[in-house]
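Take the points one at a time and find each residue as you go.

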Amino acid sequence: MNTLLKPSTLIPKGLQYRKIGNLTLFKFTDELGDRLQTLLDRKKADTLTNQENLELEAIGELDEIFSYINAAIAANVHS
């Protein structure tokens, strides 16, 4: 049985923040970034399991959230 992986469960080990210039932005840890790349490679090779596909979707959703937050932070700094 495949269970939905909530993106929030990835945050404790997968989130870091970095100071870039005058901005503090959310980034993936190297570990989560490496896992994302592994899953993308397996998807390209068409060897992704159903559970890995759910994990990839959760990481992708978290990436979208971080991108949105980082863009909002950058827009507010430059306003």
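**Notes on the model**

1. Let's begin with helix α3. At 1.5 Å a residue, the 28 residues of α3 should span 40 Å, and its end C-alpha atoms are 41 Å apart, which agrees. The expected span here is 1.5 Å times one less than the number of residues in the helix. Helices (H or I, at least four residues) and strands (E, at least two) are DSSP runs, numbered from the N terminus.

2. A word on what you're looking at: this is a predicted model, where local features need pLDDT of at least 70 and side-chain atom pairs count only at pLDDT 80 or more, while totals for chains, interfaces and linings use all residues. Residues are numbered from 1 along each chain as its sequence is written, and side-chain values use heavy atoms, with hydrogens and water left out.

3. Now the overall plan. The protein has 3 helices and 2 strands, and along the sequence they come in the pattern α-β-β-α-α. Its C-alpha trace spans about 45 × 20 × 20 Å along the principal axes.

4. Next, the strands. β1 (residues 15–20) and β2 (residues 23–28) run antiparallel and are joined by 6 bridges; strands pair if DSSP finds at least two bridges between them. I20 has L23 in β2 as its bridge partner. The two strands make a hairpin with 2 residues between them, and G21 in the turn has a positive phi of about 65°.

5. Which residues of α3 are buried? They are E52, L54, E55, L56, A58, I59, L62, F66 and N70. Buried means under 20% relative accessible area, exposed over 50%, and partly exposed in between (1.4 Å probe, protein chains only). The cover over these buried residues includes α1 (11–14), β1, β2 and α2 (30–44). In the protein, buried residues make up 24% of the 79 residues.

6. Have a look at E52, which sits in α3 (residues 50–77). E52 counts as buried because its relative accessibility is 13%. Leaving out residues up to four places away in sequence, E52 touches R35, L39, R42 and T47, where contact means heavy atoms within 4.5 Å.

7. F28 belongs to strand β2. Why is F28 called buried? Because its relative accessible area is 15%. Again not counting residues up to four places away, F28 touches G14, Q16, G33, L36, I59, L62, D63 and F66. On the other hand, F28 and K44 are 16 residues apart in sequence and 21 Å apart in space, C-alpha to C-alpha.

8. Back on α3, where I65 is found: I65 is partly exposed, with a relative accessible area of 36%. I65, Y68 and I69 form a nonpolar patch on the surface, with about 300 Å² of accessible area together. In an α-helix there are 3.6 residues a turn, so residues three or four places apart point the same way. Patches take residues with over 30% relative accessible area and no salt bridge; nonpolar side chains (Val, Leu, Ile, Met, Phe, Trp, Tyr) are joined within 5 Å, and like charges within 9 Å. A salt bridge is a side-chain nitrogen of Lys or Arg within 4 Å of a carboxyl oxygen of Asp or Glu, and accessible areas come from the Shrake-Rupley method with a 1.4 Å probe, with only the protein chains shown counting as cover for residues.

9. One last stop: D46, in the loop between α2 and α3. D46 counts as exposed because its relative accessibility is 71%. Its phi is near 60°, a positive value in a residue other than glycine.
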